[in-house]
Amino acid sequence: MESVIDVLESKFGGKRDNKAKWDTCVVIPKEYLHNAVEFLKNDPSMQMDMLLDLAGIDYLTYPNYEGPRFAVSYAFKSMKNPGRRVRLKVLVSEADLKVPTVTDLYASANWLEREVYDQYGIVFSGHPDLRRILNHVEFVGHPLRKDYPAQKRQWLSTTDFLVPELEKRLESKGYKIVQRSKEIMPVEEEYLEGSIRE
Amino acid sequence: MSNEAEKPNFITTSLDFLVNWGRTNSLWPFPYGTACCAIEFMSTEVGRYDLSRIGSEYVRFTPRQSDVLLVAGTISYKQAPILKRMYEQMAEPRWVIAMGACASSGGFYDCYCTVPGIDHIIPVDVYIGGCPSRPEAFFEAMFDLQKKIKDESYMKQRAERVKDQLEMIKAKTEQAKAEAREFAREKTAEIKEFVAEKEQELVKKAQFWKE
């Protein structure tokens, strides 16, 4: 395990998080994150081929903490070297909420990043389809942030409009939409409200 | 005369009895199960407890063929419009059972994402407590619902419905009449203007020829 930390510290400017007692956690600067993840996945000495979890953290009310408000934590596991796990952490300040995506390396990161975006408002640049995943499209704000009142409820007026997504999936499989019935024709493009397209 | 007809008499009460008897003993549930209460409903349905003893053996998975909407489980705000639409798709007569703590009051999910009781969205006839409810509690609720249905009067509801329809027809005819009147007024005004213009033109022409 020490070799992983050494390599991450020397190559990618990482720093071991001593507060994490139960696992190996390395804090990585944002600009080296993608390279570090690529290294962890592809290097023959590492072979971390499984992304276990990707979670956001809000340190707003955390006691005795100084530093950027948000953090994103990546948990990796190796299926080839049993028992080898490592956790990367990226600190995200409130002014710059952008984090590079890892969806090109791990397909499972797609929905996990969508969830972090939904609940914390952290934007993953380069994500193919960054929309809300758990909350509805008319939701305003990000509910797992500590400054969101936990009992503040928001009503949804209509069901989610899933036809564009369906059509995209059909088109990716080689089908072509020739005609759309009037009922499902979107009158306004408001169904994408609350999502980000880049 | 109309008051006499509205009063219950031998024919209407016997008809009511017949209709209620039929409805009571063939309540077809439509399970809207989102959480563990749905599992309890499954065990209510199968052999050991056997819901078909009271005539509810057909569980229909379309709202158009069922009488009882059984909401079993947590309803989130993302699901609320779906549930409402489901209820609107059901044909009359329809009843709703809120099964378990979550459907009745939101349960312990006092947070941003859970509806605090489905009675914020649709009317509920019977609530069942428990987390999740026991099959015995579900049977109790079904018996309560049967009692409620036995108290209903089909003929009275029908009379009210007919009255409502009559009022609606009257309102609509009045509206149509008013529209027609306005239309006629506009048309006559137009024709009058047209005639006046023509007259003026003729007068002008006559003056021109005179000169």
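Here is a walk through this two-chain model, one chain at a time and then the place where they meet.

This is a predicted model, in which local features need pLDDT of at least 70 and side-chain atom pairs count only at pLDDT 80 or more, while totals for chains, interfaces and linings use all residues. Residues are numbered from 1 along each chain as its sequence is written, and chains are lettered from A and ligands numbered from 1 in the order in which they are written.

**Chain A**

Let's start with the overall build. Chain A has 4 helices and 7 strands; helices (H or I, at least four residues) and strands (E, at least two) are DSSP runs, numbered from the N terminus. Read from the N terminus, the order of elements is α-β-β-α-β-β-β-β-α-β-α. Along the principal axes, the C-alpha atoms of chain A fill a box of roughly 60 × 45 × 25 Å. Of its 198 residues, 25% count as buried. Buried here is for 20 or more other C-beta atoms within 10 Å of a residue's own, exposed is for 12 or fewer, and partly exposed is in between, with C-beta atoms placed from the backbone.

Now for the sheet. Five of the strands make an open sheet with mixed pairing, in the order β1-β2-β5-β4-β3 (chain A). Two strands pair if DSSP finds at least two bridges between them. At the edges stand β1 (15-16) and β3 (50-58) of chain A, each with a single partner strand, so one side of each has no neighbour in the sheet. Helix α3 (residues 109-120) of chain A packs on this sheet, touching β3 and β4 of chain A, and its direction makes about 5° with that of β3(A). Such axes are lines fitted to C-alpha atoms, for helices over the stretch in contact, and angles run from 0 to 180 degrees between N-to-C directions.

Inside the sheet, β4 (residues 70-77) and β5 (residues 85-92) of chain A run antiparallel and are joined by 8 bridges. One of the pairs is Ala71(A), whose bridge partner in β5(A) is Leu91(A).

One residue to look up is Cys25(A), which lies in strand β2 (residues 25-27) of chain A. Cys25(A) is buried because 20 other C-beta atoms lie within 10 Å. Leaving out residues up to four places away in sequence, Cys25(A) touches Asp17(A), Ala20(A), Arg87(A) and Lys89(A); contact is for C-beta atoms, placed from the backbone, within 7 Å. By contrast, Arg180(A) is 155 residues from Cys25(A) along the chain, and their C-alpha atoms are separated by 51 Å.

Two helices are worth a look. Helix α2 (residues 33-42) of chain A has Leu33(A), Ala36(A), Val37(A) and Leu40(A) as its buried residues. They cover an arc of only 95° around the axis, which puts them on the same side of α2(A); the arc is that of the directions from the helix axis to the C-beta atoms. Their cover includes α1 (2-12), β4, β5 and β6 (98-100) of chain A. As for helix α4 (residues 163-172) of chain A, 0 of its 10 residues are buried, so it lies largely in the open. After α4(A) comes Gly174(A), with a positive phi near 95°.

**Chain B**

Chain B is divided into domain 1 (2-152) and domain 2 (154-211), with bounds from an automatic or database domain assignment. Taken over C-alpha atoms, the centres of these two domains of chain B are 50 Å apart.

Chain B has an open sheet of 4 strands in the order β1-β2-β3-β4, with parallel pairing. Its edge strands, β1 (29-33) and β4 (126-128) of chain B, each pair on one side only. Direction ignored, neighbouring strands of this sheet are turned by 20° against each other on average.

| Strand pair | Bridges | Sense |
|---|---|---|
| β1(B) and β2(B) | 5 bridges | parallel |
| β2(B) and β3(B) | 5 bridges | parallel |

In β2(B), Val71(B) is the bridge partner of Tyr32(B), while Val68(B) stands opposite Trp95(B) in β3(B). How many residues of β2(B) are buried? It is 5 of its 5. Val68(B), Leu70(B) and Ala72(B) are buried on one side, and Leu69(B) and Val71(B) on the other.

Helix α3 (residues 36-45) of chain B lies across β1, β2 and β3 of chain B, at about 145° to β1(B). Helix α4 (residues 80-89) of chain B also lies across β1, β2 and β3 of chain B, at about 165° to β2(B).

**Where the chains meet**

Here, 12 residues of chain A are in contact with 8 residues of chain B. The chain A side divides into 4 nonpolar, 6 polar and 2 charged residues. Ala, Val, Leu, Ile, Met, Phe, Trp, Tyr, Cys and Pro count as nonpolar, Asp, Glu, Lys and Arg as charged, and the others, Gly among them, as polar.

Notes. Contact = placed C-beta atoms within 7 Å.
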